[in-house]
Amino acid sequence: MDDQRPHASSPIVLDVTGLTVAYGKAEVVHGANLRVHEGEFVVLLGRNGAGKSSSLHAIGALIQRKGGEIRFLGQDVTKSNARALARMGLVNVLEGHRVFTTLSVEDNLMLGTYAQNPHGDKAAVESAMEIFPELADLRHQLASRLSGGQQQILAVAQGIAAKPKLLVLDEPSGGLAPLVIDRILTVAKTLTRQGTAVLLVEQLVKEAFKFADYCYLMENGKIGGEGTVESVRSGDLIQRIYLGGAASEQE
Ligand SMILES: Nc1ncnc2c1ncn2[C@@H]1O[C@H](COP(=O)(O)OP(=O)(O)OP(=O)(O)O)[C@@H](O)[C@H]1O
């Protein structure tokens with residue numbers, strides 16, 4: 001399968017082996033394996049409750065893992081905490097991520113840079129605004145004055161200001177207009193061309209497939225299938241994605 005994976009020869013940025021997650025006694029992720037290479041855009045699909053968000057949270061050490069090994073940029077980071085991972089460049093833009101509405105757009109972006117630099121990084125703020133020029137025009141606006149779509153773009157820009165080596169996007173569409181998700185994923189794709197790796201969870205399968213290189217399907221807490229987007233589209237897995245309810249009705 002790896003023969004067809006276009007980024008197979010690029011360095012592995014994230015390597016997850018045997019990931020197990022439990023809430024109390026209820027195990028919801030049962031030994032998931034997944035990998036993301038440098039410059040690769042990977043989408044993790046699966047129906048509601050399959051365990052996608054739990055996996056992302058556990059990878060980023062935002063919740064406790066029950067088991068498994070996580071390697072990031074070639075290092076064993078299984079025991080690293082979320083702050084250390086963020087400093088290394090594992091940046092999460094989580095579902096429902098809220099920007100700080102009492103701060104300006106510019107100050108929100110500056111906050112994003114603190115993971116890398118405790119004094120803030122003005123250049124990273126400016127470069128995030130170059131990537132999203134629509135935010136540059138609003139730099140002094142309070143985030144509370146932004147539309148839902150603009151706030152979501154700001155949340156992603158905040159992640160980009162943190163200089164990710166791996167950008168984790170958990171359902172950035174979040175019920176927003178298709179143009180917003182298209183804009184966000186277009187920017188994410190541009191970042192991959194500069195070597196950033198992207199791991200996306202998204203219900204809008206068609207939209208995700210426009211940008212992704214490689215796909216994992218999560219079924220009942222396990223990786224039930226994987227492949228390049230082309231092979232998934234033309235193979236049996238696409239049936240399971242749609243029949244399993246991993247795809248949104250909104251497409
Ligand atoms: N904080 C929590 N406490 C207890 N159970 C949880 C918690 N968060 C998630 N779960 C359960 O874990 C399972 C996996 O949920 P998870 O949110 O990871 O799935 P998902 O694939 O991301 O789904 P969705 O697309 O709906 O977000 C579900 O059964 C869910 O009810």
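Modeller: Let's start with helix α3 (residues 105–113), where Val105, Asn108, Leu109, Met110, Gly112 and Thr113 are buried. This is a predicted model, where local features need pLDDT of at least 70, side-chain atom pairs count only at pLDDT 80 or more, and totals for chains, interfaces and linings use all residues. Numbering runs from 1 along each chain, as its sequence is written.

Colleague: What makes a residue "buried" here?

Modeller: You count the other C-beta atoms within 10 Å of its own, all placed from the backbone: 20 or more is buried, 12 or fewer is exposed, and in between is partly exposed. A helix, by the way, is a DSSP run of H or I with at least four residues, a strand is a run of E with at least two, and both are numbered from the N terminus.

Colleague: And what covers the buried residues of α3?

Modeller: The cover includes α4 (122–131), α5 (133–136) and α6 (148–161).

Colleague: What about Leu179, buried or exposed?

Modeller: Leu179 has 9 other C-beta atoms within 10 Å, so it is exposed. You'll find Leu179 in helix α7 (residues 178–193). Gly149 is 30 residues away in sequence, yet 9.0 Å away C-alpha to C-alpha.

Colleague: How do you know where Asn220 falls?

Modeller: Asn220 has 14 C-beta neighbours inside 10 Å, so it counts as partly exposed. Asn220 sits in the loop between β9 (214–219) and β10 (222–228), and it takes a positive phi of about 50 degrees although it is not a glycine.

Colleague: Which class does Ala61 get, buried or exposed?

Modeller: With 21 C-beta neighbours inside 10 Å, Ala61 is buried. Ala61 lies in the loop between α1 and β4 (67–72), and its phi is positive too, about 60 degrees, although it is not a glycine.

Colleague: Why do you call α1 largely enclosed?

Modeller: 8 of its 8 residues are buried, so the rest of the structure largely encloses α1. They are Lys52, Ser53, Ser54, Ser55, Leu56, His57, Ala58 and Ile59.

Colleague: Which residues surround the ligand?

Modeller: Tyr23, Val28, Gly46, Asn48, Gly49, Ala50, Gly51, Lys52, Ser53 and Ser54. What puts a residue near a molecule is a C-beta atom, placed from the backbone, within 6 Å of it. Helix α1 (residues 52–59) gives the most to this shell, with 3 residues.

Colleague: What makes up the shell by class?

Modeller: There are 3 nonpolar, 6 polar and 1 charged residues. Ala, Val, Leu, Ile, Met, Phe, Trp, Tyr, Cys and Pro count as nonpolar, Asp, Glu, Lys and Arg as charged, and the others, Gly among them, as polar.

Colleague: How do you know that β1 and β2 pair?

Modeller: Pairing needs at least two bridges found by DSSP between two strands. Strand β1 (residues 12–23) and strand β2 (residues 26–37) have 9 bridges, in the antiparallel sense. For example, Ala22 has Glu27 as its bridge partner in β2, and Tyr23 stands opposite Ala26. In that hairpin, 2 residues lie between the strands, and Gly24 takes a positive phi near 60 degrees.

Colleague: Which residues touch the most other members of the largest nonpolar core?

Modeller: Of its 73 residues, those are Val42, Ala157, Leu166, Leu199 and Ala212. α6 provides the largest share of this core, 7 residues.

Colleague: What makes a set of residues a nonpolar core?

Modeller: They must be buried Ala, Val, Leu, Ile, Met, Phe, Trp, Tyr or Cys, joined through C-beta atoms within 7 Å. Take Leu199: leaving aside neighbours within four places in sequence, it is in contact with Leu14, Val36, Val42, Leu44, Leu166 and Val168. Contact means that the two C-beta atoms, placed from the backbone, lie within 7 Å.

Colleague: Last one: how is the protein divided into domains?

Modeller: Domain 1 is 1–89 + 165–171 + 195–251, and domain 2 is 93–163; bounds like these come from an automatic or database domain assignment. Their centres, taken over C-alpha atoms, are 25 Å apart. The contact takes 9 residues from domain 1 and 8 residues from domain 2.
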